[in-house]
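Reader: I would like to learn how to read the features of a model one at a time. Please give the general idea before each case.

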Amino acid sequence: MRRKLTVDVVGCGEIAQIMHLPHLLELSDVCTVRAVCERDPHVLKGVAERFGVTAAYTDHRRMLAESPADVLVVLTSGDHASIIHDALDAGMHVFVEKPLCYSAEDAHAIARRAKEAGRTVMVGYSRLFDSAFETLRAALDEQDGPLYVRAEASLPMDYYYRAHHDVVRPLDWTPPSRAPQWGGSWDYFYEEVLFNLAIHEVYCLRALTGIATPEITTAGDVLDRRGVEATWRDGDRVHASLSVLTLDTVAGGYVEEFRAVTRSDTFLLKYPSIYLKSWPAKLSRTGLRDGTLTRSTVFGSYVDPFKAELEHFFEVLTEGRPCLSTAEDAAHDVATLNRIHAAAKAAAKATASR
């Protein structure tokens, strides 16, 4: 009988409680959660009790020093480079929520270390594991001729999409309110707009177009650094664009969609908020068939993409399947986001100097 893999989890916030920890327990035939780590003692205690984990730590380094597990699942926010290196030092495989890190140099270093150590570092790119996205990617692979793909996301304050979930929060936590001012800082643009939000559109566009290291044609901030618009291309074959807006200062509903136009068809993939688990993605296809304009629609699976990506991760470790979202892939996305950031700042500086 195959031995179950042991898992340590660092970061016990909302995304961990709503998505990853329940799915890890559902995968009890392949893994066992050995320990959890969270800096807030109240959240740590509540999460450990709720999910039946006996070992609990407020410092991940101590957790890894005391009989580390086979796998570290990294669910903290921000840059994950140092935690991943600590896990590789401990001989562990790593599943890490996006972003891998902020620096392209750090991303390539992680990819090299993982390869040299014979360890898997997989990045949590949940959209890649949605069945509707897989259908769109397969359909585009069959197309010839030019391709235009646009990703668009308009994202309101998502607390109201997740408020119905039962989450252990810090004792001093209060429900968030609308952002106090219209614009954002360049730090906000870099960390929140690009690396927390637009990263989903970037990795999906890479997967759909096959352009791993695009040359940015245009890039700029919108809504005073609360959004980004960018375009890139691969000769005359592929044109790609994205628009990501944060709407926590204004009214607006959740929008996330990918539109692909080929020589013969137009595809539209619409996503709901990830927190609405009973609402699948919808893919529409419109095109000419024997001189008649036709339209077909398929819905994505009701299997949560967050569970599907964890299932894939453990299949990579136990069955040797090729990983679909490696550190090498993520390094391309980190580099793309940094190029967009640099181009947007340069454009803003040029506009201000006029």
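Author: Start with disulfides, where a disulfide is a pair of cysteine sulfur atoms within 2.5 Å. A search of the whole structure finds 0 disulfides. This is a predicted model, in which local features need pLDDT of at least 70 and side-chain atom pairs count only at pLDDT 80 or more, while totals for chains, interfaces and linings use all residues. Residues are numbered from 1 along each chain as its sequence is written, and side-chain values use heavy atoms, with hydrogens and water left out.

Reader: Are Cys37 and Cys204 buried or exposed?

Author: Buried means under 20% relative accessible area, exposed over 50%, and partly exposed in between, with a 1.4 Å probe and protein chains only. Cys37 counts as buried because its relative accessibility is 4%. Cys204 is buried too, with a relative accessible area of 0%.

Reader: How are strands and their pairing read, and in what order do the 6 strands of the open sheet lie?

Author: Helices (H or I, at least four residues) and strands (E, at least two) are DSSP runs, numbered from the N terminus. Two strands pair if DSSP finds at least two bridges between them. Strands of a sheet pair through backbone hydrogen bonds, in either the parallel or the antiparallel sense. Here the order in the open sheet is β3-β2-β1-β4-β5-β6, with parallel pairing. Its edge strands, β3 (55-57) and β6, each pair on one side only. On average, neighbouring strands of this sheet are turned by 25° against each other, direction ignored; axes are lines fitted to C-alpha atoms, for helices over the stretch in contact, and angles run from 0 to 180 degrees between N-to-C directions.

Reader: How many bridges join β1 to β4?

Author: Strand β1 (residues 5-10) and strand β4 (residues 71-74) run parallel and are joined by 4 bridges. Within this pair, Val9 stands opposite Val73 in β4.

Reader: What are the pairings of β10, with β7 and with β9?

Author: β10 pairs in both senses. With strand β7 (residues 147-155) the pairing is parallel, over 9 bridges, and Arg150 has Ser241 in β10 as its bridge partner. With β9 the pairing is antiparallel, over 8 bridges, and Trp232 has Ala240 in β10 as its partner. The hairpin of β9 and β10 has 3 residues between the strands, and Gly235 there takes a positive phi near 60°. Because 8 of its 9 residues are buried, β10 is largely enclosed by the rest of the structure.

Reader: How is the length of helix α10 checked, and what is its reach?

Author: The expected span of a helix is 1.5 Å times one less than its number of residues. Helix α10 (residues 327-352) has 26 residues and reaches 37 Å from its first C-alpha to its last, close to the 38 Å expected. Its buried residues include Ala327, Val334, Leu337, Ile340 and His341.

Reader: What covers the buried residues of α10?

Author: Contact means heavy atoms within 4.5 Å. The cover includes α5, β6 (121-124), α8 (186-209), β8 (215-222), β9 (227-234) and β10 (238-246).

Reader: Where does Ser103 lie, and which polar contact joins its side chain to another?

Author: A polar contact is a pair of N or O atoms within 3.5 Å; within protein, one must be able to donate a hydrogen and the other to accept it, and residues adjacent in sequence count only if both atoms are side-chain atoms. Ser103 is in the loop between β5 (93-97) and α5 (104-117). A polar contact of 3.0 Å joins its side chain to that of Glu105, and the Ser103 side chain also reaches the backbone nitrogen of Asp106 at 3.2 Å.

Reader: Which side chain has a polar contact with that of Asp265?

Author: That of Arg285, at 3.3 Å. Asp265 is found in strand β12 (residues 265-271) and counts as buried, at 3% relative accessibility.
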